[in-house]
Amino acid sequence: VDGFVFDVDGVIADTARLHLAAWRRIAEEEGLSFDERVAGELRGLSREASLRRLLDGRQIPPEEFAEITRRKNAYYLAAVESLGACDALPGAEKLVRDLARLGIRCAAASASRNARAVLERVGVRGLLEAVIDGNDEAASKTGLHRFLLAAAAVGVEPGRCVVVEDSAAGAATARSLGMRVVGVGDPAALCAATLVFESLRGVDARILLKWLGAARSPSASLTTIRQ
Ligand code: MG
């Protein structure tokens, strides 16, 4: 393993709950149903894909769709205003520092168009060699997924790069791109991951690299890894 690509919301910053709170408010205002299952499915989806999931097949005019996504972003940004260093998720910053000390190239890749602002607020931006956010991914003429753009930005082949993700969608995509995945959160949802931690708190960089080194292919499962 030569590189790590960290997701932002739900991995580095405790902001997944802020996205969900903003969508819950939109659902209430628009009379759309919102429960735990929907909340789980929204995790990691783009703003537009999130609204399509909430609408659940209901068609609305494009102007109304755009207005709702703008309103959701305004609610989210108002919450981001009050973020600080204490909103970095436990263990994430230490893991980035320790990996970098061991010579691992570390980047962030987020679907969010607000990821840079969030990284600045929680004080982790300066530790990362590259950040690819939702704007960069949309603007990229290569059409490559943000995980591949992030790996390229730090000069590491995807097969030698590990993606750290909290969402089932993100973990599955990373694996399909030939990258090993460290999941953070619910193991039942993160079945595409090579390893899953409930939280990054206390995760030892050297031991993690040893485990991941033993999982030579992205489809190797946790049970094949021995410390
Ligand atoms: Mg996430």
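Predicted model: local features only at pLDDT ≥ 70, side-chain atom pairs only at ≥ 80, totals over all residues.
Residues are numbered from 1 along each chain as its sequence is written. Local features need pLDDT of at least 70, and side-chain atom pairs count only at pLDDT 80 or more, whereas totals for chains, interfaces and linings use all residues.

Strand β1 (residues 3–6) pairs with β2 in the parallel sense over four bridges. Pairing requires at least two DSSP bridges between two strands. Val5 has Ala107 of β2 as its bridge partner. Strand β3 (residues 130–132) also pairs with β2 in the parallel sense, over three bridges. Here Ala107 stands opposite Ala130. From β2 the chain crosses through helix α6 (residues 115–122) to β3, in a right-handed β-α-β crossover. Right-handed means that, with the strands pointing away from the viewer, the path from the first strand over the helix to the second runs clockwise.

The largest pocket has a volume of about 200 Å³. A pocket is an open set of points on a 1 Å grid where a 1.4 Å probe fits, with protein on both sides within 12 Å along at least five of seven lines; lining residues have an atom within 4 Å of a point. The volume is the space filled by probe spheres set on the points, which are joined across faces, edges and corners. The lining has 13 residues, and Gly40, Arg43, Asp166, Asp186 and Ala189 lie nearest the centre. Helix α2 (residues 36–42) gives the largest share, three residues.

How values were computed
Heavy atoms only, no water. Helix = DSSP H or I, 4+ residues; strand = E, 2+ residues; numbered from the N terminus.
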